[in-house]
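Q: Hi! I have just opened this one and could use a guided tour. Could you walk me through it?

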Amino acid sequence: MFNAVKLKSLLVCSVAVLTACAAHDKATTAAVPTNPTIEAILADLTLEEKAGQLNLINFEGELGETHYQMIRDGKVGSLLKSNGAAQNLKLQKIAVEQSRAGVPILFQEDVIHGYKTIAPIPLAEAASWDIPAIQQSAAIAAREASAGGIQLTYAPMVDMSRDPRWGRIIEAAGEDPYLASLVAAARVKGFQESGEPGQNILATVKHFAGYGASLAGRDYNIQDLSERELREVHLPPFKAAVDADVAAVMVAYTAHDGVPLTANQYMVQGVLQGDLGFNGLIMTDWATIYNLERAGVSANAEDATITAINNSIHMDMAAKKYVELLPQLVRDGKVDERVVDDAVRQVLMLKYKAGLLQDPYGRLNEATEKAELLSAANLAATKEMALKSMVLLKNDQQTLPISDKVQRIAVIGPFANAQKDLMGWWPGLGEAKDVVSIMAGLEAEFGDSVELTYAQGVTIDRFNKAGAELIPEAVKAAEQADMVIMVLGEKEWMSGEGGGTASLHLPGLQEELLQAVAKTNKPIATVIVSGRPYVLTDVAKHSDALLQAWMPGTTGGTAVAEILSGKFNPQAKLPVTFPQHQGQVPIFYSYKKTSHPFVAGITEDRYTTTYRDAPHEPLYPFGFGLSYTNYSYSDIELSSATMTMDGSITASVDVTNTGDVAGREIVQLYLHDKVASVVQPVKLLKDFTILDLSPGETKRAEFVISKDKLAFVGIDYQPTIEAGEFELFIGASSDDVKSTEFTLVE
Ligand code: BGC
């Protein structure tokens with residue numbers, strides 16, 4: 001998989017000598033995709049126009065003469081944040097009909113979890129483990145975005161994060177590389193193969209690579225990753241996206257091993273283009289060429305520009321350095337024009353793939369736009385996705401679904417009426433007014449059959465502890481009700497980019513509010529609206545039922561109501577560990593074996609891998625999620641207790657729905673290599689299957705184990721398989737499994 005020899009040779013190239021290391025090879029490489037249409041356009045472009053093709057600028061505010069003129073001058077290759085069929089048609093006509101070379105603009109946008117119909121945040125979608133549904137969700141976003149005049153999205157974001165302090169944990173698929181890889185590929189396919197030509201958009205996998213390891217959860221911080229962690233944890237979803245034929249890659253803001261990704265030749269040319277075999281377009285993140293100066297690795301803008309272009313960074317987002325500096329740098333002999341040409345080829349290839357070189361006006365049509373955005377079909381599919389993504393974390397005494405006997409419900413909390421917050425960070429063009437709040441969802445679901453009263457409980461503005469004066473009214477509402485639905489969480493701006501948080505407790509006075517309401521002894525079902533795992537230890541203690549609703553999007557309130565009423569039986573499972581204590585972070589299920597034991601709870605034996613003041617176990621483990629029914633698992637049956645290198649074995653369990661409602665169970669397979677040349681995780685997800693089970697029904701889950709599931713990143717960073725004993729686990733979560741063993745023989 002990885003080319004270690006090539007990587008080692010690249011390792012000797014420092015930033016200072018990047019130019020010499022890479023430029024000539026890149027200029028003569030045959031790997032740059034091209035075709036006669038592209039070559040003809042390239043041959044016609046002036047040096048200034050070539051630099052213009054590499055320029056991606058932000059469309060700020062109103063249409064202005066400055067933009068028009070830049071486009072006429074051939075200085076705008078692509079635009080970001082310019083939306084709407086009418087607007088983009090107007091701009092495209094200027095590019096095609098009024099610029100000398102007439103090359104169309106590529107319109108780009110952050111279509112992260114929906115365009116106008118906003119889907120649950122990506123972390124929530126991953127909780128569905130429903131790969132076809134995730135692909136469909138991306139396809140809906142693509143169809144809406146293309147109708148809105150967009151041809152390329154900055155998604156999927158696949159940065160692995162195991163630190164919920166990092167706000168951007170909301171944008172990816174959780175902590176596990178296997179699940180995240182399946183999600184990454186599905187999202188690429190969803191965007192790029194969403195429907196008829198013209199309905200697809202190009203995908204950009206980001207942020208290459210390791211950004212999710214930003215130190216201490218602070219955004220844009222450096223990452224300090226071992227080569228092993230990079231390859232075991234962070235690269236697999238990028239590889240999955242590349243294998244799914246993703247069109248573009250965006251490099252991260254961060255520095256890897258001391259070198260910002262934009263300048264990091266080892267990572268970009270060695271790992272991305274070399275090991276992963278990516279030969280498409282590579283773009284900067286926002287002004288990262290300029291950031292090379294800020295980070296102190298380039299002395300000035302010219303050096304930064306030379307470094308970036310020679311590192312196969314083909315498109316300059318927002319820094320405007322390529323358009324301003326490249327022509328002169330080429331004339332001065334400081335940049336080889338062939339390197340610029342290869343970058344232009346990449347940009348033109350994207351335009352070709354988007355169909356712009358064939359038909360620049362493509363789908364830019366207001367009638368299509370009107371029919372597609374927020375269509376009934378898109379809303380219905382997005383609600384299904386939201387239903388599939390909400391995780392039931394606790395349900396004592398069958399508090400949920402809400403019983404027919406309940407006549408009066410107090411709905412309490414600062415997020416009960418929220419609309420904007422349900423969309424989360426990167427809401428696309430979503431508008432708060434189109435979002436069904438949880439209160440509105442409950443009203444529609446229960447109609448006149450239940451009396452609903454609302455109390456805000458506390459206020460959430462910034463992280464202040466505000467609104468204590470509202471608590472008594474909330475307590476009174478609870479006293480007068482048969483049960484309470486608490487809706488707690490975080491504002492949309494509290495997570496997402498720049499949304500780092502030091503405290504993992506719910507912001508403001510929300511925990512205090514819950515405690516005050518709990519004193520009424522009314523049954524409490526708490527719904528959490530958040531983009532990240534919070535420490536819900538006390539929240540769970542004071543709640544009879546707990547539903548992690550994430551930031552569920554436009555139809556989120558309807559989905560919450562349908563789960564609380566029992567119309568939909570929850571089935572989602574956590575794609576990320578929920579800590580019990582914030583000091584446990586980073587916490588994840590696939591921790592490595594250590595010399596000293598992990599002991600559950602708090603032990604008097606200090607020579608253990610535990611804390612002295614808190615347990616090391618999570619509150620809710622990876623893969624966990626309850627249902628309104630129960631499932632029982634048989635012991636595991638193996639087709640054979642030994643497996644040969646070229647053979648395979650089958651592991652099966654019978655899963656029975658032992659309750660009285662139909663349900664869907666996500667059955668998970670984990671493996672552990674008992675003795676290996678590299679320390680192994682105690683358990684690693686290798687497969688899963690989803691079973692629909694009627695009450696009383698039993699179905700068999702079968703998993704085929706072949707040697708690819710037994711490979712690990714070896715001492716030499718190559719895929720390695722070693723004979724010996726393996727533990728195999730099948731169960732309902734990473735912490736609730738049956739186990740057996742088998743032996744791999746040479
Ligand atoms: C983010 C990217 C995003 C870009 C354009 C950056 O700040 O890191 O993820 O695609 O802005 O909006």
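Predicted model: local features only at pLDDT ≥ 70, side-chain atom pairs only at ≥ 80, totals over all residues.

Q: Which residues touch the most other members of the largest nonpolar core?
A: Those are Leu54, Phe208 and Met283, in a core of 108 residues. Helix 15, residues 337–353, gives this core its largest share, eight residues.

Q: What does Leu54 touch?
A: Setting aside residues up to four places away in sequence, Leu54 touches Ile309, His314, Met315, Asp316, Tyr322, Leu326, Val340, Ala343, Val344 and Val347. Another core lies apart from that one and has 82 residues, including Val406, Leu514, Phe578 and Tyr628.

Q: Okay, new topic: which residues are around the ligand?
A: Around the ligand are Lys81, Asp110, Tyr154, Arg168, Lys206, His207, Met250, Tyr253, Asp285, Met317, Trp426 and Glu497. This shell divides into six charged residues, five nonpolar and one polar.

Q: Let's switch to helix 11. Why is it described as largely enclosed by the rest of the structure?
A: Because 10 of its 11 residues, in the run 265–275, are buried. Among the buried ones are Tyr266, Met267, Val268 and Leu272, along with Gln265, Gln269 and Asp275.

Q: What goes on at the start of helix 11?
A: There, Asn264 has a side-chain oxygen that comes within 3.3 Å of the backbone nitrogen of Tyr266. Just after the helix, Gly277 has a positive phi of about 70 degrees.

Q: Last stop: where is Gln582?
A: Gln582 sits in the loop between helix 23 (556–565) and strand 17 (631–633). Its relative accessibility is 31%, so Gln582 counts as partly exposed.

Q: What is Gln582 in contact with?
A: Apart from neighbours within four places in sequence, Gln582 contacts Ala502, Ser503, Leu504, His505 and Val535. With Leu504, the side chain of Gln582 reaches the backbone nitrogen at 2.6 Å.

Q: How far apart are the C-alpha atoms of Gln582 and Asp224?
A: They are separated by 21 Å, and the two residues are 358 residues apart along the chain.

Terms used:
Residues numbered from 1 in each chain as written. Heavy atoms only, no water. Core = buried A, V, L, I, M, F, W, Y, C linked by side-chain atoms within 4.5 Å. Buried < 20%, exposed > 50% of the residue type's maximum accessible area, 1.4 Å probe, protein only. Helix = DSSP H or I, 4+ residues; strand = E, 2+ residues; numbered from the N terminus. Contact = heavy atoms within 4.5 Å. Near = heavy atom within 4 Å. Nonpolar A, V, L, I, M, F, W, Y, C, P; charged D, E, K, R; others polar. Polar contact = N/O pair within 3.5 Å; in protein donor to acceptor, adjacent residues only side chain to side chain.
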